[in-house]
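Work through the following exercises with the coordinates open, and try each task before reading its solution.

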Amino acid sequence: MPSLHTNRLAEEKSPYLLQHQHNPVDWYPWGEEAFAKARQENKLIFLSVGYSTCHWCHVMEHESFENEEIAKIMNENFVNIKVDREERPNVDRVYMTFVQATTGGGGWPMSVFLTPDLTPIYGGTYFPPSDKWGQPGFPTVLHKLAKMWTDDKAGMSRSGEKIVELLQNATQSKQPTGASGELTWKVPAKAYEHYADAYDSVLGGFGGAPKFPTPVQFDFLFRYYAMMRVPQHIYDELSSYSTGQLRAIASRYGLDLRIGSGVVEKSDLLGEVLKGLKASDESAENALEMVTATLKHIARGGIHDHVGNGFHRYSVDKYWHVPHFEKMLYDQAQLLAAYCEAFAVTRDDYYAEIAADIITYVQRDLRSPDGGFYCAEDADSYPKHGDQKKLEGAFAVWTYEELEELLPGDMGKVFGYHFGVEQKGNVNPRNDPHGELKHQNVLLEKHTPDETARQFNMETEQVQQVLSDAKRKLAEVRKQRPPPHLDDKVITSWNGLMISALARAYQILVVGGNSAGGVDKTVLDLAVQAASFFRHSMYDTSKKVLKRSFREGPGDVEGFADDYAFLIQGLLDLYEATFDESYLRWAAELQETQDALFWDDVGGGYFSGSATDKNIILRMKEDHDGAEPAASSVSANNLLKLEALVPKPSGTEEAKTYRGKAQRVLEAFAHQIASHPYSMPQMVVALMTHLRGAKEIIIHGDLNAPASSATHLLRTIQSEFVPNRTLALARPDVSATESFIAERNEAFKSILQKPIEAGAAEVFVCKGFECGLPVKEEAAVKKLLIE
């Protein structure tokens with residue numbers, strides 16, 4: 001039946017806005033047309049912010065925005081604006097800060113009332129359609145605010161202005177003072193201690209329900225492990241070190257020596273250093289245990305889609321069992337990188353197989369024909385074709401009877417035991433408040449393949465084959481179900497994360513892992529094609545600016561700081577996967593634009609949005625590494641890598657070098673990470689690299705030459721997890737005048753100009769552009785990497 005209404009959102013490209021195009025609400029998109037109407041009619045603005053896969057956004061739409069009577073109140077008294085938070089994160093960030101400051105909470109849908117000059121005066125999240133749960137219903141809120149505005153416009157405006165003034169003072173950029181003194185190894189040690197205290201040693205993760213897989217935490221823990229573990233050769237040689245060398249070792253590992261800085265007996269110093277190194281090793285091993293065990297619990301839980309691949313958003317319980325079923329691109333990207341790094345550190349094929357599972361999902365279900373990757377899949381879907389009501393998880397869950405029919409005999413018994421299937425469903429009613437999962441089974445690996453094999457007196461390989469066959473059958477059945485809504489918008493920042501993860505997967509799994517998990521060069525092709533799509537479809541070469549999103553063509557909104565930071569990260573990783581210097585050149589070009597648009601000259605770090613949008617009442621910086629890392633955190637790491645690969649020309653003012661900017665980013669957040677380092681674990685990663693220094697690895701040789709030893713040396717390098725490394729290739733067939741790196745990097749240039757025999761290769765390990773002697777044997781390269 002055709003809709004009776006069509007509003008202005010029908011002209012938009014965002015799937016979230018288009019979902020509301022037939023509401024009886026007279027919606028406007030964010031823009032001057034709506035603002036002018038509010039000023040002309042002197043009406044309050046009702047701002048509703050959400051995203052297309054947001055469950056409670058759908059609920060509020062159905063209950064309130066599709067209701068003719070509620071829509072009438074809205075249209076008569078307010079100018080109503082819809083915003084997709086994924087398209088306009090700057091709008092979302094400003095008003096979410098207001099909502100959190102005035103209510104103590106936040107979330108989506110976000111509902112904020114603004115004066116005609118965009119000053120917020122009242123806000124919340126979901127409002128029910130009538131008064132209940134001790135909460136005013138949406139019509140009550142609308143009537144009350146409309147009357148208050150009619151009676152006292154000036155008073156309401158003053159109230160809003162005071163709150164905004166407080167927020168402006170709180171977010172105002174300030175010159176950091178004494179910050180560098182806080183940037184020590186005590187910061188990562190404090191972050192580690194926080195995670196060690198919060199760790200769930202039984203079920204993995206940090207804290208109780210709900211449990212989110214937060215990859216920025218994993219990223220920190222892997223790097224803490226790699227930088228704080230002590231190679232055996234240091235223990236072997238420790239007694240031969242001078243007091244100066246012992247103090248240098250202590251400084252390298254951030255050891256808090258309980259001994260003076262003056263003249264001391266070497267034996268006393270040696271004892272203190274040895275004790276400190278053993279403690280460092282112990283914390284490193286514990287960090288590794290926490291992150292690898294957590295990743296296994298997540299992969300075995302119901303948060304992992306065992307039939308359809310990939311990962312759901314989070315678990316509502318502490319067991320990683322019952323998920324919120326939406327699937328987000330940024331989760332797939334960051335978890336892919338985490339599972340690749342788990343394999344790199346442990347060489348356990350299990351992690352490589354999970355990484356391959358994520359790649360399968362992303363390539364099959366989220367990849368656009370143009371090569372970019374879509375945003376997300378919704379949590380809700382219709383249980384059957386013809387149904388009128390969507391249910392959360394309907395696409396992914398199974399009744400006992402369904403499984404019994406689809407998997408007869410021993411296959412069903414083995415599958416049911418392994419995945420915890422129960423006759424009345426395996427979802428605790430406490431985790432299903434709306435009863436949408438009643439009698440349903442959310443698959444989770446209740447038993448390991450070895451345990452299942454013992455239960456049925458089978459070989460483990462037989463069990464794995466049965467499970468694989470069963471999942472394949474169920475996947476075919478799922479294809480016949482109504483699929484969840486796909487948000488087919490392509491977001492630059494999230495694609496940057498995915499390009500980075502795919503490039504890392506190629507380096508770690510394909511090159512360093514000899515195609516571990518069955519991953520092949522296709523994974524690199526995916527990254528290359530995505531980068532090409534952004535270069536040709538999302539980048540204005542004349543203005544040198546990125547677009548934020550793409551759907552049926554690039555959107556009107558230009559990129560934000562995270563779009564630049566995350567894509568630059570992806571390009572840097574893609575260079576180290578391909579050694580195509582065009583990616584480095586573009587990364588450096590994007591960094592120049594990011595600095596011009598978002599850099600804070602006063603306080604350091606990067607604002608989320610540029611200064612050009614005059615309709616944004618607060619210019620803010622993201623100061624939290626959460627579901628996604630903050631732009632400044634990723635940028636600090638990017639700047640350190642750019643400094644090691646393609647530094648600014650000599651004579652550049654220190655503050656304008658990549659190194660100088662990285663230092664200022666760290667100083668901008670120094671007080672925060674010194675007191676609460678767990679709030680920005682990705683920034684702490686940058687600090688660790690800054691303190692330890694980048695290990696600049698240069699391969700000199702031709703990877704494409706027949707029987708080239710460069711290939712073997714590269715495999716050795718990619719098989720080791722060295723998080724503070726950069727990797728470059730000096731190809732004998734490329735002259736110094738043709739190389740972007742040689743143009744910027746004198747150490748690289750001198751190596752490139754060295755003669756070398758055909759098929760031969762050598763590796764240089766440099767620090768601060770001073771390189772050691774070349775090594776040509778794999779064992780020698782391996783030793784240099786771990787020293």
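The model is predicted, so local features need pLDDT of at least 70 and side-chain atom pairs count only at pLDDT 80 or more, whereas totals for chains, interfaces and linings use all residues. Residues are numbered from 1 along each chain as its sequence is written, and side-chain values use heavy atoms, with hydrogens and water left out.

**Exercise 1.** Determine how many residues of strand E4 (residues 110–114) are buried, and identify the strands that are joined to E4 by bridges.

*Solution.* Strands are DSSP runs of E with at least two residues, helices are runs of H or I with at least four, and both are numbered from the N terminus. Take buried as under 20% relative accessible area, with a 1.4 Å probe and protein chains only.

Strand E2 (residues 44–50) runs antiparallel to E4 and is joined to it by five bridges, with Val 49 having Met 110 as its bridge partner. Strand E5 (residues 120–124) is also antiparallel to E4, through four bridges, and here Phe 113 stands opposite Tyr 122. Five residues separate E4 from E5 in a hairpin, and Leu 118 in the turn has a positive phi of about 75 degrees.

**Exercise 2.** Classify the crossing of helix H6 (residues 138–151) and helix H7 (residues 153–171), and describe the contact between them.

*Solution.* Axes are lines fitted to C-alpha atoms, for helices over the stretch in contact, and angles run from 0 to 180 degrees between N-to-C directions. The two axes come within 5 Å and cross at roughly 110 degrees. Because 65 to 115 degrees counts as roughly perpendicular, H6 and H7 are assigned to that class. In the contact (heavy atoms within 4.5 Å), H6 contributes Leu 145, Met 148, Trp 149, Thr 150 and Asp 151, and H7 contributes Lys 153, Met 156 and Ser 157.

**Exercise 3.** Find which strands stand at the edges of the open sheet of four strands.

*Solution.* The order is E19-E18-E20-E21, with mixed pairing. E19 (725–730) and E21 (770–771) each have a single partner strand, so one side of each is left without a neighbour in the sheet. E19 runs parallel to E18 (residues 695–701), joined by six bridges, and Ile 699 has Leu 729 as its bridge partner. Finally, helix H23 (residues 631–645) lies across E18 and E19, at about 35 degrees to E19.

Definitions and conventions. Buried means under 20% relative accessible area, exposed over 50%, partly exposed in between (1.4 Å probe, protein chains only). Two strands pair if DSSP finds at least two bridges between them. Angles under 35 degrees count as roughly parallel, over 145 as roughly antiparallel, 65 to 115 as roughly perpendicular and the rest as oblique.
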